[in-house]
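Here are my notes on the pockets and on one helix. Please read them with the model open.

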Amino acid sequence: MKVNVKYFASIRETLGLGDEMLETSAQTVGALRQELMARGGEYAQVLGQGRAVRMALNQVLAKEDAALHADCEVAFFPPVTGG
Amino acid sequence: MTLSVTIQTQDFDVAHELAQLRQGQAGVGAVCCFVGTVREHSEGAAVSSMELEHYPGMTEKSIQAMMQEAAQRFDILGARVIHRVGLLQPQEQIVLVAVTSAHRGVSFQACEFLMDYLKTQAPFWKKEMTPTGAQWVDARVSDDQALARWGLDMPNA
């Protein structure tokens with residue numbers, strides 16, 4: 001399915017891109033993260049397990065097991081620091 | 001009940017916002033307001049400016065949901081949140097959280113609840129410009145602990 005992935009802050013900076021559309025067979029946000037990490041390089045560096053990476057699905061904070069659907073929006077970002 | 005949030009680059013006028021919030025609300029006896037500003041020093045280093053990034057769409061949605069939750073927990077009459085984004089200088093205003101209610105207790109509580117909530121759950125990221133270069137601000141465990149006091153276990157840092 002096609003998904004729209006967004007990156008923010010230091011993750012966006014390291015990857016050098018803020019968003020990308022991609023085709024995936026991943027069923028969950030966590031599986032998509034694994035798929036992106038498998039690209040190696042900076043993807044593995046910024047999205048690696050054990051790193052503090054937060055996720056959102058359709059603009060709502062989500063956990064690893066959140067289910068993807070066609071044309072959904074997923075975001076990966078560092079711990080937030082607003083306020 | 002008015003619950004409104006605005007994300008904007010421009011500065012806000014606290015007096016104007018409080019007047020707007022109170023307008024037409026006959027039952028209001030208490031108005032509580034918090035303003036967050038850019039500190040000149042952070043972790044011992046001088047901060048020359050700060051850049052605030054956010055997730056357009058999600059920022060407004062998430063804060064709106066937090067305000068709905070505040071209205072469910074506390075008997076408030078209205079709430080207003082303004083959060084700036086973009087490039088800010090030391091001493092500039094960053095965030096406003098204002099709450100109205102009949103009596104002061106719930107205003108104080110709801111105001112603190114909203115600040116604790118948005119500190120660790122609203123998608124903003126701060127980058128500080130210091131003499132040694134630009135660095136992203138680290139999230140704090142103490143902020144997670146502040147939110148936990150309200151019974152919300154949603155670790156960020």
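1. A pocket is an open set of points on a 1 Å grid over the protein atoms alone, where a 1.4 Å probe fits, with protein on both sides within 12 Å along at least five of seven lines; lining residues have an atom within 4 Å of a point. The volume is the space filled by probe spheres set on the points, which are joined across faces, edges and corners.

2. This is a predicted model: local features need pLDDT of at least 70, side-chain atom pairs count only at pLDDT 80 or more, and totals for chains, interfaces and linings use all residues. Residues are numbered from 1 along each chain as its sequence is written, chains are lettered from A and ligands numbered from 1 in the order in which they are written, and side-chain values use heavy atoms, without hydrogens and water.

3. α2(B) gives the most to the lining of the second largest pocket, with 6 residues. Helices (H or I, at least four residues) and strands (E, at least two) are DSSP runs, numbered from the N terminus.

4. The largest pocket holds about 640 Å³ of space. Among its 29 lining residues, B:Arg39, B:Lys119, B:Lys126, B:Val137 and B:Arg140 are the closest to its centre. α3(B) supplies the largest share of this lining, 4 residues.
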